Amino acid sequence: MDFYIGLLQVIGVHSLLGLSAWCVLHTGQVSLAQGGFFAIGAYGAGMLTTMLGWPLGWALLMAAVLAGGIAVAVGFPALRVKGLMLVVATTAFAEIVRLVFFNLSWKVQTPEGLIGPDGGLGFGGIRYFQANAWSNLHVLWLIWGLVAVVMALLWSLDRTRIGTLWRAVGEDEVAAQSAGINLTAAKVSAFGIGGAIAGLAGGLFSHNTTHIEHGNFTILLATFAIAYPILGGLKSLAGTLVAVVFIQGVLIEGLRFLGDWRSLLFGALILLVMLVRPTGVLGAPLRLPFVGRRDEPTSSAIPVERTHHA
Amino acid sequence: MSWIDLLDLLQSVFDGVMFGTTYALIGIGFTLIFGVMHKINLSYAAASIGAAYLSLLVVQIVPTPLVYLCAALLGGVLGALVYLVCFRFLPLNQPLATLMSTVGMLLLLEEAIVHATAGMPQNYPAVFAGVVFDIGPFMVRGDLLFVFALGCLAMVGLKLMLEKTRLGLATRAVAQQSVAAQLCGMSVSNTNATTFVIAGFLGGTAGAMTGAAIGVLSPLLTLPMTVKGLVVTVIGGLGSIPGAIIAGLVVGGVENLFQFLRGVSERDIYVMLMLFAFLVFRPGGLFAAPGGRD
């Protein structure tokens, strides 16, 4: 039973991570910085509860605000570029964050002993849940409660003016700009909200695992973050959730009986999904790969190049 | 800083620049593929390391230089495979689809390497491994010099191929204006495939050079090589081959400079900050490709 609760907790945290990437992808930007914001949230919330003794709620809020604020600050210079350049810029940012935490050693004396990030050894002893006698089930409720809140917020946001602006920028930047939409505001707001959600997810992650280290926050994590919405399909929020359940539940846990072969199959299955459903699982009608596909690419050869070729 | 320290610093920068040829080759591969397809192939560095791994199969049978040649050829084969699986049958007007398929390929290649070698680093042969040349107060490692020479050779070969052959002409034509190239009777998809094979040759060479310079191959190399290759591509300017070469050497040098000054765990922070500085002050890179007509 504990195993399934743990799995559901992981799925919840990764859903939040996927939703954070969804915001940014919605404006047509591919960002690999989500892992960096996740790391900021994880370390930030962990340091607040263990080293300063803050209650969890405030620590999570602070983690979200901090990650969101940094996202806005980074977003202004980074979002001047797009496509491949943005992928590389955000990769560089995520690597800087990871390496800063890799080099950060700062321990303080608390009633439980010396505690704090310890460079390459990681940051252990984030035992807020254990210290306050939260059961696994309580943690599960907290995580999924927050997932529900974030999904509800994004769902309603998608139906307001902001969501329309984001989608307009995502569909065609030039058209959106000529319609008088402020591109920078749209992109930076999506980046900031995405960063805040990633920070929240990171805070939950560090308290759930109790030990974090820089190796948790590599480019691989950021790749997973953008893989969820892309595999699920950008049209719906539910797609992200489906993709997280598929990847974390089926591919990573469900195929454990395959042993070593599982991780081989993992990459192959991502490839397969992209071949069968290039716009995501819930994206478009089913199309067969290898059949009648040569008609599509010609449209991309028309000189009116899409501005966001990544 | 004393005189001896300054010599050490120059020595490590010099070593870094020589190793930078591998970054330059990976960067050229990214840039070539971006040039013709306007797509990014994230599995490229993994395929390059994978080609070097595959060349270990013949290491017992043939002399070391032929192992490198094998790595290059296998890189070409892997390049064709990546094109076939990740690009040929995907709708190219969906930028995210090929991004994701190459990520899948990256994970697949990495895991295949881990699976085949049980995750153990493998020794890779080097030429002139024990040889050291003394130039004044500096010393030059023979194996690193060979790697540098091999990298330069690959770049010269690429330049000749692009400028003197019909294939190179087609590649450049498709990169400049794919519709016009198509109207002139060139097959865009064939040219794309050939570009992947050529980039694969370079990648295989780079993988072999990495193995020769470090002495071992490890699946842990794939992600850092991917990141460094992308950094080089952007600093050099997207689609610019001379830019990628210079940026590769600069990144190699800067990396070793900060490794000397600040230690190995911090060096990449400064490389990434340098990239950020480029994005803010010179977003087009060192040599931005001429303004797009399309």
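Me: How many residues of chain B are in contact with how many of chain A?
Reply: This is a predicted model, where local features need pLDDT of at least 70, side-chain atom pairs count only at pLDDT 80 or more, and totals for chains, interfaces and linings use all residues. Residues are numbered from 1 along each chain as its sequence is written, with chains lettered from A and ligands numbered from 1 in the order in which they are written. Two residues are in contact if their C-beta atoms, placed from the backbone, lie within 7 Å. By that rule, the count is 47 residues of chain B against 49 of chain A.

Me: Which helix gives the largest share of the side of chain B that touches chain A?
Reply: Helices here are DSSP runs (H or I, at least four residues; strands are E, at least two), numbered from the N terminus. At least two residues each come from α4 (95-117), α7 (178-183), α9 (222-236) and α11 (267-281) of chain B. The largest share is 14 residues, and the helix is α4(B).

Me: How many residues on that side of chain B are nonpolar?
Reply: Ala, Val, Leu, Ile, Met, Phe, Trp, Tyr, Cys and Pro count as nonpolar, Asp, Glu, Lys and Arg as charged, and the others, Gly among them, as polar. Nine residues on that side are polar and five are charged. The nonpolar ones number 33.

Me: What radius of gyration does chain B have?
Reply: The radius is taken over C-alpha atoms, and the globule rule is 2.2 Å times the number of residues to the power 0.38. For 294 residues, a compact globule would come out near 19 Å. Chain B agrees with that, at 19 Å.

Me: Which residues does Leu221(B) contact, leaving aside its neighbours within four places in sequence?
Reply: Glu110(B) is 111 residues away in sequence from Leu221(B), with the two C-alpha atoms 9.5 Å apart. The contacts of Leu221(B) beyond those neighbours are Ile49(B) and Thr210(B).

Me: How far apart are the end C-alpha atoms of helix α10 (residues 219-232) of chain A?
Reply: The expected span is 1.5 Å times one less than the number of residues. For the 14 residues of α10(A) this gives 20 Å. The model agrees, with the ends apart by 20 Å.
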